[in-house]
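Student: Hi! I have a model open and would like to talk it through with you. Could we go over it piece by piece?

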Amino acid sequence: MNEIEITSDIKIVFDTLNNVGYECFMVGGCVRDFLLNKIPHDVDFTTNATPDEMKECFKEFNVIETGIKHGTLTVLINHTPYEITTYRIDGEYLDNRRPESVKFVKDIKDDLARRDFTINAIAYNPSVGFVDCFNGIQDLKDGIIRCVNEPIKRLNEDALRILRALRFSAVLGYKIEPATEKACFELSQLLKNISVERIVVELFKTIIQPNGHKIIFDYIDIWGVVIPELLKMKGFEQHNPHHVHDVLKHTCVALEGATKDLIVCLTVLFHDIGKPESFTMDEKGNGHFYGHALKSVDITRDIFDRLKVDNNTKHQVLTLIKYHDLDLQPTEKYIRRLCYKLGDLEMVKKLILVQRADNYGQAPIHSERIDKFNEIDKIIEKLEHENLSFSLKDLSVDGNDMIEIGLEGKEIGASLKHLLEAVLNDEVKNDKNSLIDYLNKNKQE
Ligand code: ATP
Ligand code: MG
């Protein structure tokens, strides 16, 4: 385990409070990450100074008071924000999420006791060293996510902690300690009281981890409380020579093989969710899933609407699910047209990543498909270096150019479309002169 580096900014926070006799510790995620030799994305502090006393101490600095009711003052030091929070305990929880009130306290140990997991409940300052009342350092060494104090009580207070446990397990590759894990399962219904925005954050952070596939699979009954549609995939046998796994296992193995990009991972997670509802069996006993891609699109759209997923993410994922089964051809002309269909080259790249993952999830893997994907990747690389046009906005001419050569009204749009077709068919280069020449020539013919 590592020494914690005290940067000059951190020293300013400590000195400002210590010089007038207050205690101050770094706490939470930053201490955990420092101990794991990771660079924390933010550094948080906790102090026995009350919010008013903090304000007085930092009156020479720029401060933001957004969290002041809960005891948090954000201080800008060299343009970096640092959150400093008064030691506090949470009042009673009535909605499985937010305490009714908070109470400021004078002992760091009480503040650490309100935190979710032992590994997140370690405090540090250079004069005292580590304050680790719940053996978080040992749990970090052993790779364990464990609730601070009694899991049932702690997860009951705030059910979001259930998904936080799963997420930290995915991010760190740690096991959830048995009593904590049992409580996560037992209390999972409480997740219905948690806002969809918080749930989406945890789901998205989980699935892009190298270990995310395992956390989805092992805890599918918990994810199923918030996305019941996922449960239909569990144990749904495919009766198909391309698959030895049921739909959920196939999905999770595919997720394991997926590039850790959010759009790709979301597409993989939901690409086959329509399979159970599209299943038919022929007289030979082979399973078929005709039209499952579109069914998956419909189900995923409903889920995303319910979870208030942003439109851009939704659009990309639904498009990729729709085409996840497309039999791609490794020719330039085909890939150009595919760009047009999907919107741009980036989407084509993502579709290849989805198909690679899908193939990884099938058993046995089709090696000839990997050869095809490699060929397509080469084509994509080539296309990236050319000034190609895949949508009207990429065309090197626009409506004004059409007006300049004397076109009017509907002719303008029709000609632009015509030119795009020609570019996609490789009949003309995407530069202004070639395009205008092409139009003029075609007009004369
Ligand atoms: P990261 O920011 O890397 O996701 P973190 O541990 O910093 O991880 P935050 O959500 O930023 O997580 O919270 C900071 C600290 O506040 C946590 O380390 C933990 O001590 C405490 N905390 C956060 N959320 C909760 C919660 N729901 N219940 C109890 N304590 C919490
Ligand atoms: Mg944090």
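Student: Let's start with a loop: where does N135 lie?

Tutor: N135 lies in the loop between β9 and α5, the latter covering 136–142. Keep in mind as we go that this is a predicted model.

Student: Noted. What is phi of N135 near?

Tutor: Phi of N135 is near 55°, a positive value in a residue that isn't glycine. As background, most residues other than glycine have a negative phi.

Student: And N149, what is its phi near, and where is its place?

Tutor: Phi of N149 is near 65°, again positive in a residue other than glycine. N149 has its place in the loop between β10 (144–145) and α6 (151–157).

Student: Is N149 buried or partly exposed?

Tutor: N149 counts as partly exposed, because its relative accessibility is 48%.

Student: Back to β9. Which residues does that strand cover, and is G129 found there or elsewhere?

Tutor: Strand β9 covers residues 129–131, and G129 is found in it.

Student: Why does G129 count as buried?

Tutor: Because its relative accessibility is 16%, and buried means under 20%.

Student: What does G129 touch?

Tutor: Leaving aside residues up to four places away in sequence, G129 touches F25, A123 and Y124. If you want a C-alpha distance to check, G129 and I4 are 125 residues apart along the chain, and their C-alpha atoms are separated by 9.6 Å.

Student: Handy. What is the strand order in the sheet that has β9 in it?

Tutor: The order is β3-β4-β5-β2-β1-β8-β9, an open sheet of 7 strands with mixed pairing. The edge strands are β3 (62–64) and β9, each of which pairs on one side only. From one strand to the next, the twist averages 35°.

Student: What packs on the sheet?

Tutor: Helix α1, residues 8–18, packs on the sheet.

Student: Changing topic: how many salt bridges does the count come to?

Tutor: The count comes to 35 salt bridges. One of them joins K59 and E56, with the closest N and O atoms 2.8 Å apart. K59 is exposed, with a relative accessible area of 53%, while E56 is partly exposed at 47%.

Student: What about D111 and R115, are they buried or exposed?

Tutor: Both D111 and R115 are buried. They form a salt bridge whose closest N and O atoms are 3.0 Å apart.

Student: And which residue does D327 form a salt bridge with?

Tutor: D327 forms a salt bridge with K372, the closest N and O atoms being 3.1 Å apart. This pair links distant parts of the chain, 45 residues apart: D327 is in the loop between α16 (311–322) and α17 (332–342), and K372 is in helix α19 (residues 367–384). D327 is exposed, with a relative accessible area of 53%, whereas K372 is buried at 17%.

Student: Which residues are joined into one network?

Tutor: K153, R154, E157, D158 and R161 are joined by salt bridges that share partners.

Student: Now E202: where is its place, and what does it touch?

Tutor: E202 has its place in helix α9, residues 196–207. Not counting residues up to four places away in sequence, E202 touches L160, L163, R164, R167 and W223. E202 is buried, with a relative accessible area of 4%.

Student: One last thing: which residues make the nonpolar surface patch of about 240 Å²?

Tutor: Y360, I365 and I370 make that patch. Y360 is found in helix α18, residues 345–360, and is partly exposed with a relative accessible area of 36%.

Technical notes: Residues numbered from 1 in each chain as written. Chains lettered and ligands numbered in written order. Predicted model: local features only at pLDDT ≥ 70, side-chain atom pairs only at ≥ 80, totals over all residues. Heavy atoms only, no water. Helix = DSSP H or I, 4+ residues; strand = E, 2+ residues; numbered from the N terminus. Buried < 20%, exposed > 50% of the residue type's maximum accessible area, 1.4 Å probe, protein only. Contact = heavy atoms within 4.5 Å. Pairing = 2+ DSSP bridges. Axes fitted to C-alpha atoms, helices over the stretch in contact; angles between N-to-C directions. Patch = residues over 30% accessible without salt bridge, like charges linked within 9 Å, V, L, I, M, F, W, Y side chains within 5 Å. Areas by Shrake-Rupley, 256 points an atom, 1.4 Å probe, with all protein chains shown as cover. Salt bridge = Lys/Arg side-chain N within 4 Å of Asp/Glu carboxyl O.
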